Each structure stands twice: as C-alpha cells, then as structure tokens.
Amino acid sequence: MITRLLIANRGEIALRIIRACSELGVESVAVYSDPDARAPHVNAADRSVHIGPPPAVDSYLSTTRLLDAVRASGADAVHPGYGFLSENGAFAEACEKAGIVFVGPPSAVITQMGSKIAARRLMQAAGVPIVPGETPQDQSDAGVLAALDRVGFPALVKASAGGGGKGMRRVDEQSQALEAIQAARREADSAFGDGSLYVERLIERPRHVEVQVFADNHDHVVHLFERECSVQRRHQKVIEESPSLVVTPRLRSRITEAAVQAARACGYRNAGTIEFLVDVSAGRGAERFYFLEMNTRLQVEHPVTEQITGLDLVRAQILVASGEPLPWQSPWITQRGHAIEARVYAEDPSSGFLPQAGRLLLYREPRMPGIRIDSGVEEGSDVPVHYDPLLAKVIATAATRDEATTRLICALRAFPILGVQTNIPFLLRILEHPRFRSGEIDTGFLDNEGASIAGTAPPQIPAAVRAAIDAAATAHGPRPTSHEPRATDHKPRQDPWEVLASWRP
Amino acid sequence: MATVTQIGSGVFRVDDEGRQAVVYVAGAAGDMWAFCDGVIYRERERGEQRMSGTAKARRGDPASYQMAAPMPATVVRVLVSTGQSVRKGDTLVLLEAMKMELPIRAPADAVVKAINCREGELVQPDMTLVDLA
C-alpha cells in the first residue's frame, strides 16, 4: 500500500486527493510555487514542499523539481491530478524509473494514447469507430495545409500532444487555414512544449459523450457509465452531467462496451475516460458515435460520476495504484438519479472571457441539500495570474435532470464571490436557457448562442443593492485611499488595492 | 423606504415594502462589489473604469492610442514595427496569460509610433505596449 503520496498539482484537485488520502490513512504531501505558499491545498496536507517560482514551467510543470520534491519528502507515490504533468508520459516514466508509484496508467499507455495518431490506429484495430483525420508527417505550414485538403472542410487543427481544447482551431475554408495553423502551433508549443499538429474532419452539431473507465492490475476493466459535456466554450467544458439525455439504453450498452474494449486494447490501468462524438442527426435508434480521444487521467468532471454511482474514484485510484483489485465489480455498479456540474471560473464573460486575477474579498460557498462543492480557494485567497482560473465546481444531484438543474441554479444564485469577476451569471444564463432545459444542445451551443448568453452590458444596480452598498460604505466609515495599505486584512500580502488601481483602460 | 440590516460580515438584508433580499458587499470606496441573487455588481469611480478594450485615447488627442495589456501577461509575438501603418482590427501584439492567447488589436486605422515591449517579456497592465497615432 502507498504510504506517502505526493500530489503534483494545486487547487481543488489537490484538495480532493488530499482528502482521499486522509480517508485511507495515507500521508499527503502538497507541493507549491511561490504564490501558493499559503494556498488551501498546502494547509490541508500532512507535509508540503516548495517547488519553485510562479511560472508553471518552473514549478508544477517541472519534472526535475517535482522529482526532487518526491525525494525530499520521502514520498513513495505521485498523483498528478489533471492538467500540468498528468498526461506527460516522460514524467510518468521518470517516476517508474525512480521506483515511485505513479497514480495512473503505465507511462507507455500515456504516451501511446497521448499521440492522436497512435491512439486512432489502436482504436481502429480494436473495432472502435473513428473520425477521418491525421497527424501530417510533414509538419510545415504546407504539409499541414495539404493534410487539411485530404480530410476536407470544415476541419479542426489541434495540438497533437494535448487535450482540453488548448491549441485547437476550426477551419471552414482554405483561406483561413494558414493563420489557424500558426496560432494552433504556438498554443500547442506553449501549453505542451510540442508544436506538432493534428487535423481532422469536423462532425457538425455533435454531442460530446464520454465514458468513465477503470482498470486494475488483476484484469478487471469496468465502465462507470457516461457523462455528457456538450456545453463547451471553445472546446473547454462548462457544464457536465450524467446520464446523457441522448444516450438510450441501447446506445449506452454499445458505447460503454466500445469504451471497455478501448481500455482493454491499450492495456489501460487506473481511471481513464474515453471521449466520443455522438451524431444524433439520423434520429433516435440510429445514433453514430466516434472515438475522439482518451484522457489517461482523472477528469475535472469526475464528481458527476461519483454522484450518480455513489463511488469514490480517487480512493479507488490510490487502491488500484497500490496493486489492489478494483473495490467494485460491474454487476453492482449502477447509475442512479441525475448529477450536473458547473465550473466556476475567475473570468469575465462580458469582456471575452478574460481570465481574472486578484483577491477574493468575499467568498461564501452555499450549503444546501444535494449540492457538492469541490473548490481550491477560500475567502482572502489570491487568484494568481499564472494558472488555470478554476475556482470551484458546483455539483447538484437530484432524482431527475430538471430537479438537478433547478438545484444547481439555486446554489449558484447563493454563491457570492466578490473581488474578481466570475462566470456565475453566465452559468445561470446557460442553465436557464430553453435549449439547455429541453436538452437540445450540441457542442456548438455556446459558440452559437454565446453572445446573448455571455452578456455585455454591466447590470444596472437595483435599489435594494444600492441601499446595501450605501449601508456598507457608512458602516465602515471613511476608507483609506487606494494607494495606502489596507489594515484589516488578515494576511500580510501585497495590497490588493494597489494591484486594482493599476488596472486601466 | 428600504431598511438595511447587517446580518454578517459583508452581508446585508434589505427589506423593502415586505420584500426581502440578501446582498453581499465587499470592496473599498471607489471600487465596490455586490452580489444579489446570482448577479454580480461592480461600481467604480470615474476614471478608474476599466473597459473590455485595451486602448486609451490620450487626453486632447483622440486620434492617438496607448495599447496596454488587460492583465499581467507574457508577450508571445510582436507583429508590427515602428512606423508601420495598421488597419482597425489588426493584431499588434500577441500576449499569453493563463494558457490562453490574447491578441491586442488596433482600435482604429493608425500608425505605430513606438513599441515598448519585447517577445518573451512579462508585461503588467500599467505598461504601454504599443503607441499608435
């Protein structure tokens, strides 16, 4: 059994893993960069190790620094979380070589499934349907252009090395291709350190349905049903739910069977997700699905699956990585009720979803029935500029989709976060949208309806809010000017007003 | 007439003709934040209002612009050079922050007067990256 687990991540996922460690009696080791020295994940762990300066490449993305931290802390295992090094085969391999347990699949599987071309070949051989596409041998602008011509338009250009929509561009016609190729390559290079590109035919109006799989070292491979993540903004998931409205019992048995087949074909171990595009244009009963990619790690949206199955995926990850058999078997894994997750980001939907950095002056999580919140911040936390601006995931569980949606709306309406702009008003507009309520959504939903949902004008201040603002101003008396330090804060850090005062048009 | 009762740190209950609302308030004079029923309000004093764009017209000279970063970011590419004419919407500088690319675009047809940043440089929102006239 793993005795001391180093979590090579930050934020909500680091906290999630630390809590699983506590439940299993495994010692947890947090790592942190300079701005995270007092972050909640560091405070919650049994031990912590400083790994470097703010830029992720010098801290959370640095294999060398993380391996040094493993040695310094005496950890016998590493959990990579999601993002950062979670799908970096070289990091997993370095752990294996150093005799450290990597909580995830074998490094060779990460490398194979991380390469879109190798993953597709494997899936094709295993009988799993795939979308037309290729990684051009010739990665020059001309080579990628030629590949686009071969797969046909509309097409997607994306990073060969990564997931999560980073470095992905839609190309409708040849005239847009060059700019898209160059932008995708730059983003791919900066996000993954590898500018190789992959091109594929775009399936119009697809639904994004993914299947959670889990495998152990004892030849057990199970699926934990599907999640639908069709509400995406530029290929970043915004809302995730299970079950999917379009997955009929017949489609469920086909798609989960394909997922288990895919996991077996690549020799998978631990938690993974097979993403599919589902084409429902031919009507109910004639759905077609295509393998999109495999995520060889725990997903951001894993709580949705935990809520509808009642199982603990992170606990199982640690047990399986320790060599134990899966704690559950397929006949009694069931899907019950409906769960929906909304990702709360520090970003400003009214200005092009610009990520926001700053201090959370007020942050109060709602407590209500059927609401789970996985978060990595607290009141007074600084949201640093250097990392993904995910603040919290709010997961609502209820008997039906409609009840779960209403529950999530009520929770978000009672989730005040002040000091940085958040996407909460945007999330509410999605959840209240007639197309979302009726389930008539595809992956283009937000990009098509986006302008009306994002909101542009700042809301007018109603009388009740005006009265409260005035009362607050009176209650606190005269305020220091914006360039003087504020004395009331409990953490002796850089003054937030100084930072805010420097923002300008 | 509304009655306001403070019910917690930064939390106020506003009673107005039989209707109640709970309002959360934070911030300092000149930059106040409030939250009520899923809506975020922000009130800033004039002169400190940040707009979604990044251009600032220089006082008394509406045809010139100082292009600044909207947030701390890294300069990925500088796509123009001094003296170059640019059209409205042209990308001048490509920034990257929080793993996303942020293009800084020309707010109008103009000429690049000066470039004050280099590729790879970490820039702050109070820095002028490009001067246009």
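This is a predicted model: local features need pLDDT of at least 70, side-chain atom pairs count only at pLDDT 80 or more; totals for chains, interfaces and linings use all residues.
## An open sheet and its helix

In chain A, four strands lie side by side in the order β6-β9-β7-β8, and together they form an open sheet whose pairing is antiparallel. The edges of this sheet are β6 (133-134) and β8 (169-171) of chain A, each of which pairs on one side only. Helix α7 of chain A, made of residues 141-151, packs on the sheet and touches β6, β7 (155-159), β8 and β9 of chain A, while its direction makes about 20° with that of β9(A).

The link between β6(A) and strand β9 of chain A, which covers residues 197-201, consists of two bridges, and these two strands run antiparallel. Within this pairing, G133(A) has E200(A) in β9(A) as its bridge partner.

## A strand enclosed on both faces

Strand β15 of chain A spans residues 338-345, and because eight of its eight residues are buried, the strand is largely enclosed by the rest of the structure. The covering applies to both faces of β15(A), with H338(A), I340(A), A342(A) and V344(A) buried on one side and A339(A), E341(A), R343(A) and Y345(A) buried on the other.

Strand β15(A) pairs with strand β12 of chain A (residues 236-242) in the antiparallel sense over four bridges, and here E341(A) in β15(A) stands opposite E240(A). Strand β15(A) is also joined to strand β22 of chain A (residues 390-398), through eight bridges and again running antiparallel, with K393(A) in β22(A) as the bridge partner of R343(A).

## Two helices side by side

Helix α4 (residues 89-97) and helix α5 (residues 107-114), both of chain A, have axes that come within 8 Å and cross at roughly 170°. Since an angle over 145 degrees counts as roughly antiparallel, α4(A) is therefore roughly antiparallel to α5(A).

Where these helices meet, α4(A) brings G89(A), A92(A), E93(A) and E96(A), whereas α5(A) brings S107(A), I110(A), T111(A) and G114(A). Sorted by class, the contact of α4(A) with α5(A) has two nonpolar, four polar and two charged residues.

## The contact between chains A and B

The contact takes 50 residues from chain A and 48 residues from chain B. On the side of chain A that touches chain B, several elements each supply at least two residues, among them α8 (174-192), β17 (354-355) and α12 (401-413) of chain A. The element that gives the most to this side is α16(A), with ten residues.

By class, the side of chain A that touches chain B has 33 nonpolar, nine polar and eight charged residues.

Key. Residues are numbered from 1 along each chain as its sequence is written. Chains are lettered from A and ligands numbered from 1 in the order in which they are written. Two strands pair if DSSP finds at least two bridges between them. Two residues are in contact if their C-beta atoms, placed from the backbone, lie within 7 Å. Axes are lines fitted to C-alpha atoms, for helices over the stretch in contact, and angles run from 0 to 180 degrees between N-to-C directions. Ala, Val, Leu, Ile, Met, Phe, Trp, Tyr, Cys and Pro count as nonpolar, Asp, Glu, Lys and Arg as charged, and the others, Gly among them, as polar. A residue is buried if 20 or more other C-beta atoms lie within 10 Å of its own, exposed if 12 or fewer, and partly exposed in between; C-beta atoms are placed from the backbone. Angles under 35 degrees count as roughly parallel, over 145 as roughly antiparallel, 65 to 115 as roughly perpendicular and the rest as oblique.
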